[in-house]
Amino acid sequence: MANRKGYARLAPLMTKHLHFRTALCTLIVCTGLGAVHGSPHKPAQRNPELRKNTEERPGERQFFGPLAATGAAPTGGHYSTIRPLWLRQESDGELDAAGQKIPTSVEHSFLYPLFSYKRSANGTVDWSLFKLVNFSGESRTRVGDDASLSFELWPVYASKQTGTPETSYRAVFPIAGQIKSRFGYDSLQWVLFPLSFRSEKAGRVTHSALWPIFKKRSGEGHTGFSVWPLYGVAQKEGAYRNRYFLWPLIYDSVRYGAATSASTGAAPHPAHHSLGVLPFYAREVRPGSISESYLWPFFGYTRQDAPLAPYQETRYLWPLFVQGQGSEHRLNRWAPFYSHSVRRGIDKRWFLWPLLRHETWREQDLIRTKDQVLFFLYSSERQRSAAQPDLPAAHKTHLWPLLSTWNNGAGRAQTQLLSPLAVFFPNNEKVQLLYNPLFALYRHDQQTPDEVRHEVLWRLVTWRRSGKTRELRILGPTLGLRKNAAGEWRPFLFDFSRKSRTLDATTETPAAQPPRAANPEPSPR
């Protein structure tokens, strides 16, 4: 209870000192810069399936080059940053009675990923030190005595207090303790680990002494024991039976089907049977499929038929030389020279693995193509509409560590030089906001073919084209030239006028809104 009160006093103080809103500068910059000029802007040809580029930072205002900035986050909300030290992210919220928008959460990151602090509108406070020291607490004024409070110091200490014994726990590793609903188990309990250890999952209880050597299984019809690695057996009548000798060399594993003597009057029948005497022989049988290996895992075959999709595979020297043919899966592998596979709609080719990779697949209404050289040295992905293949394709390309480019195929394009992090953290918003701009020796940003901006050395020199107007700036507003719509060039010095700032900003009219952009980073497969 004392700890809870301490955290309750600490949270408002931390929020007070961390709540820093910056309105840092007069210039607004669009993130990322397009390497190539997009195709002519045709609103009727916008591809509605293409997603927005996650590296965009629309309407970002900068001060002292890229070191300080504020703007709208790519995924919504607002951010302020002093790169690379601090980042404040405020999520989109709801309007209160006075018409003020209240964010659903505010998160601060210091030297990310070293330390983060997050406070939600419901009063929940979370902070983390390099993901090793973690705290999470709910507001007691909101949820009363059942407020949840957790603290972790990995791998030594873990605690969670919810107000109910069923979900509360404390543990000191390896001395003694219990944790609940973690790591896929209902409960993990130990005393002087590994001397005594107990795990529970879905009613199956395993007691261990000198883990993992001596084990005994019980509960919900499960039985078994093991003296690892000499011998072990675990079973449940009508469900499974697993045995091993000299693990992992000799094993026999059976999974039974749904039909049991209780339901059909017949004995249980195996639905999946695995047998191995390694490295000499291994066999796996399931309904419609048999796979055998000799001198495992190098030589063998797989035969698959109804109720599965027909497939036949021969392994001449796995994983180097493998041939497979079926209705849904094809494999032609002569590694490392050449490999071609088609599986679940994904067509993949390797040339001189791991040198060159080419991959094509369809995702919803998009046809996606990806090419790679040594995984990350060169990576390029293209998206085109399956329904309208004549539309310009969207693409994103990384040439590590030199540059990253992006083009949505409808007039929006960006390029950045240098770009050492984008290929490794394509969906990490904190990396994109804190670190990527620090490497931007050159940026090109095209909102439309008529709205183009170039920046060199973090805005030391900028060139802007907007319709018929042109503008060159050196050292920000210190020195520059401006060409108006009448074609007249005029120099300026120390131009801090509102007119100048408006020309520098990326404020857009509805007609000039950029089309929905592509993010060709592949989804997990």
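Visitor: Welcome me in, please: what ground rules apply to a predicted model?

Guide: Residues are numbered from 1 along each chain as its sequence is written, and side-chain values use heavy atoms, with hydrogens and water left out. Local features need pLDDT of at least 70 and totals for chains, interfaces and linings use all residues, while side-chain atom pairs count only at pLDDT 80 or more.

Visitor: Is Ser 105 buried or exposed?

Guide: Ser 105 sits in strand β8, residues 105-110 (strands are DSSP runs of E, at least two residues, numbered from the N terminus). Its contacts, meaning heavy atoms within 4.5 Å, include Gln 89, Glu 90, Lys 118 and Arg 119, leaving aside residues up to four places away in sequence. Buried means under 20% relative accessible area and exposed over 50%, with partly exposed in between (1.4 Å probe, protein chains only). Because its relative accessibility is 12%, Ser 105 counts as buried.

Visitor: Which residue takes a positive phi in the hairpin of β2 and β3?

Guide: This hairpin has four residues between the strands. The one with a positive phi, near 55°, is Phe 64.

Visitor: What is the bridge partner of Val 125 in β11?

Guide: Strand β10 (residues 125-129) is joined to strand β9 (residues 115-120) by five bridges, running antiparallel. β10 also runs antiparallel to strand β11 (residues 133-137), again with five bridges. In β11, Val 125 has as its partner Gly 137.

Visitor: How many nonpolar residues are in the lining of the second largest cavity?

Guide: Among the residues lining this cavity are Gln 62, Pro 66, Tyr 442 and Trp 458, and β39 (442-448) and β40 (451-456) are the elements that each give two or more residues. Ala, Val, Leu, Ile, Met, Phe, Trp, Tyr, Cys and Pro count as nonpolar, Asp, Glu, Lys and Arg as charged, and the others, Gly among them, as polar. Alongside two polar and two charged residues, the number of nonpolar ones is seven.

Conventions:
1 Å grid on protein atoms, 1.4 Å probe; cavity = no way out; pocket = protein on both sides within 12 Å on 5 of 7 lines; lining within 4 Å. Pairing = 2+ DSSP bridges.
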